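Welcome! Take a moment to look over the sequence and the 3D view, and then let us walk through them together.

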Amino acid sequence: MSVPEPHLSPSTSAEILLVDDDPKTLMAMEAMLGDVGGALVAARSGREALLKLLTQDFAVILLDVQMPDLDGFETAELIRERDKSRHTPIIFLTAFNQNDRSMLRGYALGAVDFMFKPIVPEILRSKVQVFVELQRKTHEVQRQARLIRDAEAREHARMLGEERQRWEADNLRAQMERERAAAVEMARKAEELARAVADRDAAARALVQSNARLALLSDTANRLLTGQRPHELLDELFVRLTGHLDLDLYAYRSLDEDGATLTLRSWGGISDDDAHRLQTMSIVGGVLGKIAESRTRFIVDADSPASDVRESPVMAAAGVSACLWFPLTADDRLIGTLAFGTKRQRFTLEELAVLQLVADQISIALERERLMSELQARNIELADADKRKDEFLAMLAHELRNPLAPIVNALHVAGLDAQARGGSVARAHATMERQVRHLIRLVDDLLDVSRITHGKIELRRERTELHTVVEQALQIARPAVLAREHALVVEIPDERIPVDVDVTRMTQVVANLVNNAAKYTNPRGTITLKVERDDDEVVLRVRDTGIGIDPNMLPKVFELFVQVDNSSDRAAGGLGIGLTLVKRLVQMHGGEVLATSDGIGKGSEFIVTIPLSLGDEDPVSSPVAIAQSAPATLSERRPLRILVVDDNADIRETLKELLEIDGHEVTLAEDGHGALAAAGNGHQHDVAIVDIGLPGLDGYGVAEKLVEIRRAKGFPRRLIAMTGYGQAEDRRRAFAAGFDAHLVKPVDPNTLAKIIAAQPNEGDR
Ligand code: ADP
């Protein structure tokens, strides 16, 4: 705040207003007052005086009373009305003695004095002097007061300034204090931040490192567990580990089969010479001995006693200061050891953990490898054994057929006699026939199952009625049902049930199930065969009241060689292949079979579902159908000339007898050449029955030659192959060689009779 400078010069302008209409009086008064020290201002009328008073202050007004226009009193009245001049002293001048009333009026108007004309100059001067002096003093007082006020104002301003400065300084100090505190806080925060950043960096570095190790571990596990030969991966693995963990030595030893020696298999950080020198180590004594015994890891580092270090030749060879051994175990069996070394003083805890995991993984991988190769070897062995078993079964079945053929023939021959003699001989014969049939079925089943296993069975489907299949099956199974005095209930709708099946095979299926029902039901039980036709399939059920099947065994009964109870029903016989055949044959027909039973002693039910034939052509007749549907009765048979070629004397002889009983004339040959000689000898054979497996020229060769002879001479008219080889390929070859029919040994004598009786070109193709 600025303070104006005090006005130092005293006001000397004490002015005196002279008001009189008479110029002479004015001049006289000016003369009188010339030396009172105030400036004189003259006015010739009241109005002029009022005008002057507008612009100026006066120390005293000398006012003439007697004036034209406005007189002195009136003028005084107007002067008093104004603020500015309300207190200005007025001295009235009058020429004559005023009465008291007018003097009173004058005083009421503020007159301070009255002077009468003629005016005495000294009196005037002294009176005016008083007012001039008064005004001068008033001015002085005012000036002094102003000076004081100014000084006070300056002092005030100074104090204010000081106060302000102090306040500003305090403020500044507080501000600085705040700023300093903020700076300190900021520095602290910066430091904290720096520390956090450093911590974070360290954590990030640790994270990166531990991530890398985790990746290494998971990669290791992956390689070890997915690789086919973890053994071979070890070297590469160790190299990568060494890179990651700053290792200077690794050594993997496996335990030899002697269980006493550890052989170095994979290593790094020691020379090949040292490796050679340290190749085998005993598991007794030394560091390895400790590990082998305790099955726990062992550490030697800068803190270990010197003796430990001396005990490890590998540490010495690698020049490492710290070494870590792990036992590799499987099921607590020692399978090897793993050693890692470093030139640093010791391993960190984290390294120990990582290496422990690696060792565990390697243990697992090595054991897995061992188990896998064991498993593979077992698999190969099993597959081998399985193959040998299949081959053996096929061979067995085939070999069993040969002795069966003459037995069947001989039985048939003896049958006529036996029936004639009756009694025990006839019964014995009947028993033998039954048992041979059973034997043949077993052999056939065996052969079939091995053929199905090898996918060698072909269905010879034909359109037929299910009734036919059921009838034939019951014909086969009836003896077994009767033998145990079962009641047989057959429920089959009258309507046609057309199916496209291999009649022989489907018959086999149904007969098998009924046979089983008879076999596994105590005598005098009930067997129910029920057929139901559905939209597009037919359901055949064989139910019995027999021994039933344990629920646990139900899913297994269709497996090969499975027999539910091996002890109790051995008398029933069987190999446990019947249901396997049933299931596979049904599946080959596009159907399903399942077994149900309410439990032991509650009977069983086998349910076969096969598709119905949807086409509407008539059933196609097949050669088999002809052979079977055209039963040749003895009366229809005419004697034929028949050439029998077989190297097996029994078969040859019994077949001869069999054919001769039917009235045929038989020539025998024991090999191919004999056969050709016989045929070429002018015998006009109607039929030649030729075994395929002949010594020297085999049956196919014989057939080819016989066909040539026939071309020349017209005989033999029909060629029938009779062989133990019944597979599709065998049949194809037989027909290609020129045979008209192909029969598998042992041939049922009735079937043989039918085939022989058939017209040329109606053979069993
Ligand atoms: P097997 O030659 O032993 O009869 P299968 O393959 O025909 O061989 O049958 C396998 C097993 O299923 C039999 O040993 C028998 O235990 C059981 N089984 C088959 N059919 C029946 C049935 N109707 N009732 C009870 N058990 C049966």
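The largest nonpolar core has 55 residues, and Leu-466, Leu-529, Leu-540 and Ile-610 touch the most other members. Helix 14, which covers residues 503-519, supplies the largest share of this core, with eight residues. Another core lies apart from it, made up of 28 residues, among them Leu-216, Ala-322, Leu-338 and Leu-366.

**The ligand and its surroundings**

Which residues are the closest to the ligand? They are Asn-516, Tyr-520, Asp-544, Gln-563 and Leu-579, out of 20 residues that surround the ligand.

| Residue | Protein atom | Ligand atom | Distance |
|---|---|---|---|
| Asp-544 | side-chain N or O | nitrogen | 2.8 Å |
| Gly-578 | backbone N or O | oxygen | 3.2 Å |
| Ser-604 | side-chain N or O | nitrogen | 3.2 Å |

On its own, the ligand has 530 Å² of accessible area, and the protein covers 97% of this. Helix 14, helix 15 (578-588) and strand 18 (604-611) are the elements that give two or more residues to the shell around the ligand. Helix 14 gives the most, with three residues.

**Some loops to visit**

Ser-85 sits in the loop between helix 3 (72-81) and strand 4 (90-94). Is Ser-85 buried or exposed? Its relative accessible area is 1%, so Ser-85 is buried. Beyond its neighbours within four places in sequence, Ser-85 is in contact with Leu-53, Ile-79 and Arg-80.

Two cis peptide bonds can be found as well. One runs from Lys-117 to Pro-118, with omega near -10°. Pro-118 belongs to the loop between strand 5 (111-116) and helix 5 (121-226). Another cis peptide bond joins Phe-715 and Pro-716, where omega is about -15°. Look for Pro-716 in the loop between helix 19 (699-713) and strand 22 (718-723).

Asp-69 is not a glycine, yet it has a positive phi of about 55°. Its place is in the loop between strand 3 (60-64) and helix 3. Asp-69 is exposed, because its relative accessible area of 62% is over 50%. Asp-332 also has a positive phi, near 70°, and is a residue other than glycine. You will find Asp-332 in the loop between strand 10 (322-330) and strand 11 (333-342). Asp-332 is exposed too, with a relative accessible area of 57%.

**How confident is the prediction?**

The mean pLDDT of the protein chain is 84, and 92% of its residues reach 70 or more. Over residues 566-571, however, the pLDDT is below 50, and this stretch has four contacts in the model beyond near neighbours in sequence. Residues 618-636 also have a pLDDT below 50, with 25 contacts beyond near neighbours in sequence. Where pLDDT is low, the predicted coordinates should not be read in detail.

Key. Residues are numbered from 1 along each chain as its sequence is written. This is a predicted model: local features need pLDDT of at least 70, side-chain atom pairs count only at pLDDT 80 or more; totals for chains, interfaces and linings use all residues. Side-chain values use heavy atoms; hydrogens and water are left out. Helices (H or I, at least four residues) and strands (E, at least two) are DSSP runs, numbered from the N terminus. Buried means under 20% relative accessible area, exposed over 50%, partly exposed in between (1.4 Å probe, protein chains only). Contact means heavy atoms within 4.5 Å. A nonpolar core is a set of buried Ala, Val, Leu, Ile, Met, Phe, Trp, Tyr and Cys residues joined through side-chain atoms within 4.5 Å. pLDDT is the predictor's confidence in each residue, from 0 to 100. A residue is near a molecule or strand if one of its heavy atoms lies within 4 Å of it. A polar contact is a pair of N or O atoms within 3.5 Å; within protein, one must be able to donate a hydrogen and the other to accept it, and residues adjacent in sequence count only if both atoms are side-chain atoms. Accessible areas come from the Shrake-Rupley method with a 1.4 Å probe; for residues, only the protein chains shown count as cover.
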